[in-house]
Amino acid sequence: MAIFTGAGVAIVTPFNEDESINYDRLDELIDFHCENGTDSIIICGTTGESATMTEEEHLECVKFTIERAKGRIPVIAGTGSNCTRTAVDMSKEAAQYGADGLLVVTPYYNKATQAGLMAHYKAVAKEAKAPIIMYSVASRTGCNIEPATVAALFRDVDNIVGVKEASGSISQVAKIMALTDGNVDLYSGNDDQIVPILSLGGKGVISVLSNVAPKETHDMCAKFFAGDVKESARLQLQAIPLVEQLFSEVNPIPVKKAMQLMGMECGGLRMPLTELTKGHEETLKAAMKEFGIKLK
């Protein structure tokens with residue numbers, strides 16, 4: 001059984017003015033998603049600015065989210081690193097906290113070979129006793145998980161159960177599903193490709209859009225699973241202009257601004273990320289209004 005089906009939110013990390021993690025606001029965001037149809041919370045992923053967290057902050061944030069979700073909603077912990085030893089240690093700890101699953105990104109900067117990726121994921125899976133979703137996002141890491149590698153890991157390692165696919169290539173997605181007989185738990189890593197990936201047997205999406213439109217993103221998936229493909233596709237197409245604006249600059253710069261515009265204060269960004277430019281802020285506002293989101 002999949003860790004979750006539907007729309008999982010790649011949740012932002014709220015910060016205080018001194019850039020420490022604002023746990024009171026994170027608590028509110030967890031409640032918000034539990035109450036608005038989100039199907040899973042993915043904590044400390046790219047959108048959560050995990051790359052700027054210390055290991056201590058990272059694990060404390062994971063533990064807090066698991067405890068506060070209280071079984072209301074599955075929690076998947078981002079525990080990837082470009083150091084296999086670090087990924088193993090963080091994955092083991094998150095699994096011990098009770099994470100429902102782990103999201104493990106490909107090692108970045110190192111640019112491992114496919115043999116290296118096989119060794120990396122096997123090492124994490126051997127030590128961390130929780131279901132693992134591999135995360136392929138070469139645009140950020142410089143490292144793609146080839147379909148044959150996904151298939152081999154899925155076949156050979158019991159607790160490697162899924163892949164978050166953010167390559168942008170529907171052809172690659174189709175090949176992954178063909179090589180795994182459609183059995184790997186496939187999640188879209190791109191909000192503009194949710195329905196296409198569902199049509200190939202996907203389980204859902206790990207979504208940036210869900211931070212500001214949780215119900216609509218949930219409904220996009222739920223309608224598809226209920227057989228109302230036409231309505232699911234309508235919701236996908238309706239969301240495209242907003243999704244484009246949520247990625248007008250590097251994620252999570254625009255989505256944090258969008259949340260502020262909705263009155264959901266979540267603090268600033270940790271450098272090297274900087275505030276959304278004024279021009280993009282205006283086009284973001286327009287897209288949010290057009291989508292039906294009320295601004296404060």
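The legends below describe close-up views of a predicted model.

Residues are numbered from 1 along each chain as its sequence is written. Because the model is predicted, local features need pLDDT of at least 70 and side-chain atom pairs count only at pLDDT 80 or more, whereas totals for chains, interfaces and linings use all residues; side-chain values use heavy atoms, with hydrogens and water left out.

**View 1. The closed barrel of eight strands.** The strands follow the order E1-E2-E3-E4-E5-E6-E7-E8 with parallel pairing. From one strand to the next, the twist averages 25°. Helices (H or I, at least four residues) and strands (E, at least two) are DSSP runs numbered from the N terminus. Two strands pair if DSSP finds at least two bridges between them.

**View 2. Strands E3 and E4 with helix H4.** Strand E3 (residues 75–78) runs parallel to strand E4 (residues 101–105), and three bridges join them. Ala77 has Leu102 in E4 as its bridge partner. Helix H4 (residues 114–127) packs on the sheet and touches E4, strand E5 (132–136) and strand E6 (160–165). The direction of H4 makes about 155° with that of E4. Contact means heavy atoms within 4.5 Å. Axes are lines fitted to C-alpha atoms, for helices over the stretch in contact, and angles run from 0 to 180 degrees between N-to-C directions.

**View 3. Strand E8 between E7 and E1.** Four bridges link strand E1 (residues 6–10) to E8 in parallel, and Ala7 has Val205 in E8 as its bridge partner. Strand E7 (residues 185–188) also pairs with E8 in the parallel sense, over two bridges; here Ser188 stands opposite Val205. Both faces of E8 (residues 204–207) are covered, with Gly204 and Ile206 buried on one side and Val205 and Ser207 buried on the other. Buried means under 20% relative accessible area, exposed over 50%, and partly exposed in between (1.4 Å probe, protein chains only).

**View 4. The packing of helices H9 and H10.** The axes of H9 (residues 214–225) and H10 (residues 229–246) come within 7 Å and cross at roughly 150°. H9 is therefore roughly antiparallel to H10; angles under 35 degrees count as roughly parallel, over 145 as roughly antiparallel, 65 to 115 as roughly perpendicular and the rest as oblique. The crossing is left-handed, meaning that the near helix is turned anticlockwise from the far one by less than a right angle. Glu216, Asp219, Met220, Lys223 and Phe224 of H9 meet Val229, Glu231, Ser232, Leu235, Gln236 and Ala239 of H10. These residues divide into five nonpolar, two polar and four charged. Ala, Val, Leu, Ile, Met, Phe, Trp, Tyr, Cys and Pro count as nonpolar, Asp, Glu, Lys and Arg as charged, and the others, Gly among them, as polar.

View 5. Gln236 belongs to H10 and counts as buried because its relative accessibility is 4%. Leaving aside neighbours within four places in sequence, Gln236 is in contact with Asp191, Asp192, Gln193, Ile194, Val195, Pro196 and Met220.

**View 6. The packing of helices H10 and H12.** H10 and H12 (residues 278–291) pack at an angle of about 155°, with their axes 9 Å apart. This makes H10 roughly antiparallel to H12, and their crossing is left-handed. Gln238, Ala239, Pro241, Leu242, Gln245 and Leu246 of H10 make the contact with His280, Thr283, Leu284, Ala287, Met288 and Phe291 of H12. Eight of the contact residues are nonpolar, four are polar and none is charged.
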